[in-house]
Amino acid sequence: MNILVFGSLNQDIVYDIDHFGQPGETTKARQVSQYPGGKGLNQAIAASQAGSPVTMAGCIGLDGTWLTALLEEKGVQTGHVHTLEAARTGTAIIERDPAGHNRILLDPGANSLCTLQQIQDTLTAYQPGDLLICQNETSLTRQLVQEAGSRQLQILFNPAPMTADIRDMDLSGVPWLAVNETECAQLLDTGSRDPLTLCRLFRRRYPETSLLLTLGSRGAICLQNEQLWFMPAFQVKAVDTTGAGDTWLGYFADGLRRGLPMGQVMKRASAAAALAVAREGAASSIPEDSQVEDFLQSQTEEPEKTVLSPLSA
């Protein structure tokens with residue numbers, strides 16, 4: 001199974017602040033840093049660091065060639081990344097407080113200029129059963145998912161940010177959907193944030209799709225058929241939570257490619273995310289597989305498996 005990540009490539013400009021400002025309040029940054037980012041780039045690097053052969057597809061401007069250089073350094077193929085002379089690379093402005101929490105303002109830049117022709121040309125290189133990881137930070141997300149489904153690619157869809165057109169999408173052909181609690185509630189049009197309620201509602205609406213529900217510092221849930229896996233988060237001192245979910249997803253995709261038991265897939269992904277939040281940056285914080293294995297040797301947390309029942313509750 002080959003892995004293709006079709007998604008965003010960003011420059012992350014991080015402002016370290018004492019607190020998040022209120023409307024109309026001016027705050028002063030203690031430090032400003034620049035990192036590689038974008039959910040697509042992060043997920044591609046994570047899957048590659050986990051041990052998978054990965055190709056990245058997307059768009060950058062001339063100011064973003066350092067991102068493709070970084071991807072190649074991390075073992076990711078970049079032949080399907082288009083450099084657009086008339087565009088600027090996507091940029092994320094990130095405020096980060098002392099606890100590691102963040103607030104993000106995104107300018108999509110070149111990410112919004114992906115074309116249907118690029119999608120079709122890229123997917124031509126892949127076979128039924130290959131894995132596509134995609135998000136909602138590039139243009140033509142709906143068409144990308146439809147094209148990949150028609151070619152019988154396995155799709156791991158992370159619909160972030162959650163927008164109205166995503167809520168209206170037919171997701172019946174998507175084998176894997178990865179969302180956090182807020183995104184899941186938006187997708188299901190419910191005010192509930194209770195994970196089990198969300199799983200029950202999700203299963204009723206999307207009976208054929210497996211759900212990956214990330215719960216931040218509490219851990220993550222995988223709903224596959226009626227089997228429910230819960231993996232608590234490993235307890236570490238958080239320095240920067242940016243990119244932790246992308247790290248988790250990339251490692252999860254690697255576990256799928258390897259055909260590992262679901263409990264092991266969840267545990268590796270959670271360990272990788274724990275190591276990521278203990279470091280600064282998004283892509284720069286993603287650990288290598290050997291570091292994840294060393295970390296796991298010292299941990300005792302194990303995933304819990306149960307059955308989601310009753311579905312009508």
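Visitor: What makes Y35 one of the residues that N10 touches?

Guide: A contact needs heavy atoms within 4.5 Å. Leaving aside residues up to four places away in sequence, N10 has such contacts with Y35, P36, G37, G38, L67, T89, G90, T91, L106, N111 and E137. Keep in mind that this is a predicted model.

Visitor: Why is N10 called buried?

Guide: Buried means under 20% relative accessible area. N10 has 2%, so the label buried applies. You'll find N10 in strand β2, which covers residues 10-16. The C-alpha atoms of N10 and I60 are 8.1 Å apart, while 50 residues separate the two along the chain.

Visitor: How do you know that the buried residues of α10 line one face of the helix?

Guide: The buried residues of α10, a helix spanning residues 289-297, are V292, F295 and L296. Looking down the axis of α10, they fall within an arc of 100°, so they line one face. An α-helix has 3.6 residues a turn, so residues three or four places apart point the same way. On the other side of α10 you get D294 and Q297, both exposed.

Visitor: What do the buried residues of α10 pack against?

Guide: Two helices: α8 (244-258) and α9 (262-277).

Visitor: Where does the largest share of the lining of the largest pocket come from?

Guide: From α8, which supplies five residues. The lining has 49 residues, and those nearest the centre of the pocket are N180, T241, G243, A244 and G245. By type, the lining divides into 24 nonpolar, 19 polar and six charged residues. The space in this largest pocket comes to about 1,500 Å³.

Visitor: How do you know that the peptide bond from A160 to P161 is cis?

Guide: Its omega is near 0°, and that goes with the cis label. Most peptide bonds are trans. P161 sits in the loop between β9 (154-158) and α5 (164-167).

Visitor: Stepping back, how do you know that the chain agrees with a compact globule?

Guide: For 313 residues, a compact globule would have a radius of gyration near 20 Å; the chain has 19 Å, so the two agree. The C-alpha atoms fill a box of roughly 50 × 45 × 40 Å along the principal axes. Of the 313 residues, 54% count as buried.

Visitor: How many helices and strands does the chain have?

Guide: Ten helices and 14 strands. Among contacts with a separation of 6 or more, 64% join residues 24 or more positions apart.

Conventions
Residues are numbered from 1 along each chain as its sequence is written. This is a predicted model: local features need pLDDT of at least 70, side-chain atom pairs count only at pLDDT 80 or more; totals for chains, interfaces and linings use all residues. Side-chain values use heavy atoms; hydrogens and water are left out. Buried means under 20% relative accessible area, exposed over 50%, partly exposed in between (1.4 Å probe, protein chains only). Helices (H or I, at least four residues) and strands (E, at least two) are DSSP runs, numbered from the N terminus. The arc is that of the directions from the helix axis to the C-beta atoms. On a 1 Å grid over the protein atoms alone, a cavity is a set of points where a 1.4 Å probe fits but cannot get out, and a pocket is an open set with protein on both sides within 12 Å along at least five of seven lines; lining residues have an atom within 4 Å of a point. Grid points are joined across faces, edges and corners, and a volume is the space filled by probe spheres set on the points. Ala, Val, Leu, Ile, Met, Phe, Trp, Tyr, Cys and Pro count as nonpolar, Asp, Glu, Lys and Arg as charged, and the others, Gly among them, as polar. The radius of gyration is taken over C-alpha atoms; the globule rule is 2.2 Å times the number of residues to the power 0.38.
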